[in-house]
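Dear colleague,

I am passing on the structure we talked about, together with my notes on what turned up in it.

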Amino acid sequence: QVQLVESGGGSVQAGGSLRLSCAASGYSISSRCMAWFRQIPGKEREGVAAVHDDGFTSSTDSVKGRFIISRDNAKNTLDLQMNSLKPEDTAMYYCAAKQNYGCYYYRLLRQAEYHYWGPGTQVTVSS
């Protein structure tokens, strides 16, 4: 049974940093397409950053230069380093993983690409 569990969320002031981690069990993250999404109540879930099975990374424009996605195959975790946080980054953050190997680059930040989801971790940034 595949399980994804996020950790590392919390409250921080604007300009601060947080590091999210997604621990996978029953699933090897090595050579898989995975991503971080975020959602605020009443809005669509948004793709934040993703990593292709070949290591290519993609991120949404609003976090470019501030967020870094990385994969630790030895620990079987997917991390998201978030720097220079802004109040508009406040959201529930979700880890997502694809069931099969391979994915299209242009679909990396699309919800429909992913089959497994974690329960989420809340990030709150105050001004």
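A charge is said to sit over a ring if NZ of Lys or CZ of Arg is within 6 Å of the ring centre and within 35 degrees of the ring normal. By that rule the charged end of Arg45 sits over the ring of Tyr94, at 3.8 Å from its centre, and Arg32 lies over the face of Tyr101, 4.1 Å from the ring centre.

Before going further, please note that this is a predicted model, in which local features need pLDDT of at least 70 and side-chain atom pairs count only at pLDDT 80 or more, while totals for chains, interfaces and linings use all residues. Residues are numbered from 1 along each chain as its sequence is written, and side-chain values use heavy atoms, with hydrogens and water left out.

On the overall fold, the chain has zero helices and 11 strands, where helices (H or I, at least four residues) and strands (E, at least two) are DSSP runs numbered from the N terminus. For 127 residues a compact globule would have a radius of gyration near 14 Å, and the 13 Å of the chain agrees with this; the radius is taken over C-alpha atoms, and the globule rule is 2.2 Å times the number of residues to the power 0.38. Buried residues make up 42% of the 127 residues, with buried meaning under 20% relative accessible area, exposed over 50%, and partly exposed in between (1.4 Å probe, protein chains only).

The structure holds two disulfides, each defined as a pair of cysteine sulfur atoms within 2.5 Å. One joins Cys22 to Cys95, with an S to S distance of 2.1 Å, and since the torsion about its S-S bond is about -75 degrees, this disulfide is left-handed. It links distant parts of the chain, with Cys22 in strand E3 and Cys95 in strand E9, 73 residues apart, and both cysteines are buried. In the other, the sulfur atoms of Cys33 and Cys103 are 1.9 Å apart, and a torsion of about -85 degrees makes that disulfide left-handed. Cys33 lies in the loop between E3 and E4 and Cys103 in the loop between E9 and E10, so the bond ties together parts that are 70 residues apart in sequence. Cys33 is buried at 0% relative accessible area, and Cys103 also counts as buried, at 14%.

The search of the whole structure finds five aromatic pairs; rings of Phe, Tyr and Trp (its six-membered ring) pair if their centres lie within 6.5 Å, and planes under 30 degrees apart count as stacked, over 60 as edge-to-face and the rest as tilted. Among them, Tyr27 and Tyr116 have ring centres 5.7 Å apart and planes at 70 degrees, so the pair is edge-to-face. Tyr27 is in the loop between strands E3 (18-25) and E4 (34-39), while Tyr116 is in strand E10 (residues 116-117), 89 residues apart. Tyr27 is buried at 7% relative accessibility, whereas Tyr116 is partly exposed at 21%. Phe56 and Tyr105 also form an edge-to-face pair, with centres 5.1 Å apart and planes at 80 degrees. Phe56 is partly exposed, with a relative accessible area of 42%, and Tyr105 is partly exposed at 44%. Finally, Phe37, Tyr114 and Trp117 form one aromatic cluster.
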